[in-house]
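Colleague: I would like to learn how to read some features of a model. Could you take me through a few of them?

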Amino acid sequence: MSDTTILSIENLHVKVADEGLAILKGVDLTLPGGEVHAVMGPNGSGKSTLAKVLTGHPGYEVVAGTVVFDGRDLLELEPNERACAGIFLAFQYPVEIPGVSIANFLRTAMQSRLVEGEELDLFDFQDLLLDRMNLLDMDVSFAERPVNDGFSGGEKKRNEILQMAVLKPRLALMDETDSGLDIDALKVVAHGVNTLRCEDPTMSVLLITHYQRMLDYIRPDVVHVMVDGRIVRSGGPDVAVRLEEEGYAMLREADARTVVQM
Amino acid sequence: MVEVVADRVAPEQKKSGALDRGVVERLAGDDPEWLATRRMQALRIYEATPMPSTQLEEWRYTDLSRKLCLDKLHSPVAEALPDDPQAWPERLRSTMAEDHDAVGHLVLVDGSVVHTNIGAHLSSRGVVLTSLRRAATEHPTLLEKYLATQAIPPEDGKLQALNAMLWTDGVLLYVPPGVRLEHPVRVTRWYSETGAAFFSRTLIVADSASKLAYVDEALSDDFDQETLTSQAVEVFASDGAHVQYVSAQRIGRGAFCHAAQRILLGRDATLDMLNVSLGASTTRVDLNARLLGSGADSNLLGLYFGDGDQHFDHNTSQDHIAPAARSDLLYKGALDDSSRAVFRGVIRVAEGAQQTDAYQTNRNLILSDNARADALPKLEIHADDVKCSHGATVGQLDEESLFYLMSRGLTRAQAERLVVVGFLGMVLQRLPLGGVVEKVTRVIEEKLRLGAHA
Ligand SMILES: Nc1ncnc2c1ncn2[C@@H]1O[C@H](COP(=O)(O)OP(=O)(O)OP(=O)(O)O)[C@@H](O)[C@H]1O
Ligand SMILES: [Mg+2]
């Protein structure tokens, strides 16, 4: 593991809590700081589960394996501690929280990152929020709307990236942010993510997607393919291009159990 | 606070004042004759009415024989505080100080009005905001017509009769025809005498095409002895009048808090009403909106949030007498620890009240394994061309929502707090009354912070 590694997953086995169902069956993945890695794979292969386990979702149980984030044992931390340590998940299916405004929620989230006794400067926060809404081409009225309540599919996805842009994570996990976005919105969101990466070149991205289209805008350094709870292939951007052309049939030619290292 | 009380109470006075015929006679002695007669009549009704037992549907979940021991209570004996904020408890002062834009203020301490203030421009136009005790001599015609007659007469029930015979003071707000108050009238109540029974009445008369907003806030420290606060609230919204009524109850533990509220709405009258129950050990609210004129429109909102062993019993009824009137009730509550809530709501549509729109919703959020909520909605419909619905839910905090918020950095407690405030706060979005919404949100947040979920 190099010094710059931000995330290192080794032999991660995960099952559904309170059930026997195994979902991740030995995931290995190393993400150097500042890089963008894409994770692709058929429906139900475990991509979202991986993202949620990294975020600390209580519905899953880690049976074996280790996850080291920024030199710390990630699995030891509560979801909020992981967030404060710099992990952010843009959810595939963001939850609706009626009655809680985006501004109020983000203010509380920002406040929670400060040390005890320190108060968030509300003017600074307001400026940051406005700036980020501007970056993502969002109407300011969104700030007062309840989180995801009554949002369209695309608006929910954009709202995820707004939160990410405000909270500035060290590691952004993006779970199918592209699904549900129209072409223009996809460009806006991609531009937002790329702006964040310019602002902080050490920020890393783990980007889950089914489509090459997203990867045209956010260029991956490495593409991983997950099948049935394992990473079965890792390679350069051309892996995504081939997948787009040939579908997952291409994997059957190779031995799915052989993990192709870069 | 307790020390202040002790200073004010003369020791020999403490013994007297049990809630008996003697107290009623003493109160009647200070009344004008018409009022004294009514007080004694209320006493007769009280004596002839049995205490409601849990055998009665309406009292099934609140056992008065256990929760209210009238024998142990005495009528208040402390002397009234002076009309000087410097002499008032700090919490009362600071609550008052928040309300700058009110058009009038009234302060009651231990059931007696100690301060009244109404803009001269309003009194010159005939607006009346005064102590009910003074009004008995200064506005007898108004009181004779409206006080404990058409809205909450003693015949209504045992506790209503008790109030009618023992009330000591209260609020009169009268707004003449066509006069529109642009900002709320603020009433603040402070209770300090422990072991006492406080009886007060509120009479609000909004004459035709007038507009008023009334915000009533009750608070106290905790009581070490059972203490009763009983209120009878009578609201008359005449034809075309617009009334906004808000009550927020943050009385200390140990209190049994009873409010009987009846609102009579005339033709095209509008009512926006919010009851916020946060305090007391036991809260019982009997709310009745009577839609007497066609085109009347009422929004009945309620919020409660319990912890410890608090008990809330909301008993509501929407009576559609006239056709083409609308009523929409939404009560929401969150319950923590071993607190408990009962909501019993009925929509009654009288024969001939066609084109009625009546809705009733009660939603509860249970925050602990020991908390409990029961909802008993009911429809009694005697007309055929109506739109009515009722719904009730009892649910728990959604784990996915909490995880979502925690994944942004909020602690579990912060996430719970946000979800609860959001859940309750949605009721406030239906109340078009600026300032009050922020204030109520703040007091809910304050209670959440003080509670176990801090
Ligand atoms: N809490 C759960 N309970 C039961 N089964 C689950 C649970 N979570 C995930 N699964 C199952 O685990 C498998 C992997 O799910 P996951 O959501 O991780 O797939 P995915 O790769 O993200 O798929 P998609 O591309 O459709 O989003 C699926 O078969 C899913 O049904
Ligand atoms: Mg998925």
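Colleague: Which elements of chain B do the buried residues of α10(B) pack against?

Modeller: This is a predicted model. The buried residues of α10(B) pack against α3 (21-29), α4 (33-48), β6 (197-206), β8 (227-237) and β10 of chain B.

Colleague: How many residues of helix α10 of chain B are buried?

Modeller: The general idea for a helix is that residues three or four places apart point the same way, because an α-helix has 3.6 residues a turn. Here eight of the nine residues of α10 (residues 158-166) of chain B are buried, so the helix is largely enclosed by the rest of the structure. The buried residues are B:Leu159, B:Gln160, B:Ala161, B:Leu162, B:Asn163, B:Ala164, B:Met165 and B:Leu166.

Colleague: Where is B:Ile251 placed, and what does B:Ile251 touch?

Modeller: B:Ile251 sits in the loop between β9 (242-250) and β10 (255-265) of chain B. B:Ile251 is buried because 26 other C-beta atoms lie within 10 Å, and the cut-off for that label is 20 or more. Not counting residues up to four places away in sequence, B:Ile251 touches B:Tyr191, B:Ala218, B:Leu219, B:Ser220, B:Thr229, B:Cys257, B:Gly279 and B:Ala280. The C-alpha atom of B:Ile251 is separated by 9.1 Å from that of B:Phe223, 28 residues apart along the chain.

Colleague: Now chain A. Which strands pair with β8(A)?

Modeller: Strand β3 (residues 36-40) of chain A pairs with β8(A) in the parallel sense over four bridges, and A:Val36 has A:Val205 as its bridge partner. Strand β7 (residues 171-175) of chain A also pairs with β8(A) in the parallel sense, over five bridges; there, A:Met174 is partnered by A:Leu207. A right-handed β-α-β unit is made by β7(A), helix α6 (residues 183-199) of chain A and β8(A).

Colleague: Which residues point each way from β8(A)?

Modeller: A:Ser204, A:Leu206 and A:Ile208 point one way, A:Val205 and A:Leu207 the other way, and all are buried. With five of its five residues buried, strand β8 (residues 204-208) of chain A is therefore largely enclosed by the rest of the structure.

Colleague: Which residues touch the most other members of the largest nonpolar core?

Modeller: In soluble globular proteins, nonpolar side chains tend to be buried together. In this core of 206 residues, A:Leu173, B:Leu173, B:Ala237 and B:Leu265 touch the most other members. Leaving aside neighbours within four places in sequence, the contacts of A:Leu173 include A:Ala51, A:Leu54, A:Phe88 and A:Leu206.

Colleague: What surrounds ligand 1?

Modeller: Ligand 1 is surrounded by 13 residues, of which A:Asn43, A:Gly44, A:Lys47, A:Ser48 and A:Thr49 are the closest. Helix α1 (residues 47-55) of chain A gives the most to this shell, with three residues. By class, the shell has three nonpolar, nine polar and one charged residues.

Colleague: How do strands β1 and β4 of chain A pair?

Modeller: β1 (residues 5-16) and β4 (residues 60-69) of chain A pair in the antiparallel sense over eight bridges. A:Lys15 has A:Glu61 in β4(A) as its bridge partner. Strand β5 (residues 72-73) of chain A runs antiparallel to β4(A), joined by two bridges, with A:Phe69 opposite A:Arg72. Their hairpin has two residues between the strands, and A:Asp70 in that hairpin takes a positive phi near 55 degrees.

Conventions: Residues are numbered from 1 along each chain as its sequence is written. Chains are lettered from A and ligands numbered from 1 in the order in which they are written. This is a predicted model: local features need pLDDT of at least 70, side-chain atom pairs count only at pLDDT 80 or more; totals for chains, interfaces and linings use all residues. A residue is near a molecule or strand if its C-beta atom, placed from the backbone, lies within 6 Å of it. Ala, Val, Leu, Ile, Met, Phe, Trp, Tyr, Cys and Pro count as nonpolar, Asp, Glu, Lys and Arg as charged, and the others, Gly among them, as polar. A residue is buried if 20 or more other C-beta atoms lie within 10 Å of its own, exposed if 12 or fewer, and partly exposed in between; C-beta atoms are placed from the backbone. Two strands pair if DSSP finds at least two bridges between them. A crossover is right-handed if, with the strands pointing away from the viewer, the path from the first strand over the helix to the second runs clockwise. A nonpolar core is a set of buried Ala, Val, Leu, Ile, Met, Phe, Trp, Tyr and Cys residues joined through C-beta atoms within 7 Å. Two residues are in contact if their C-beta atoms, placed from the backbone, lie within 7 Å.
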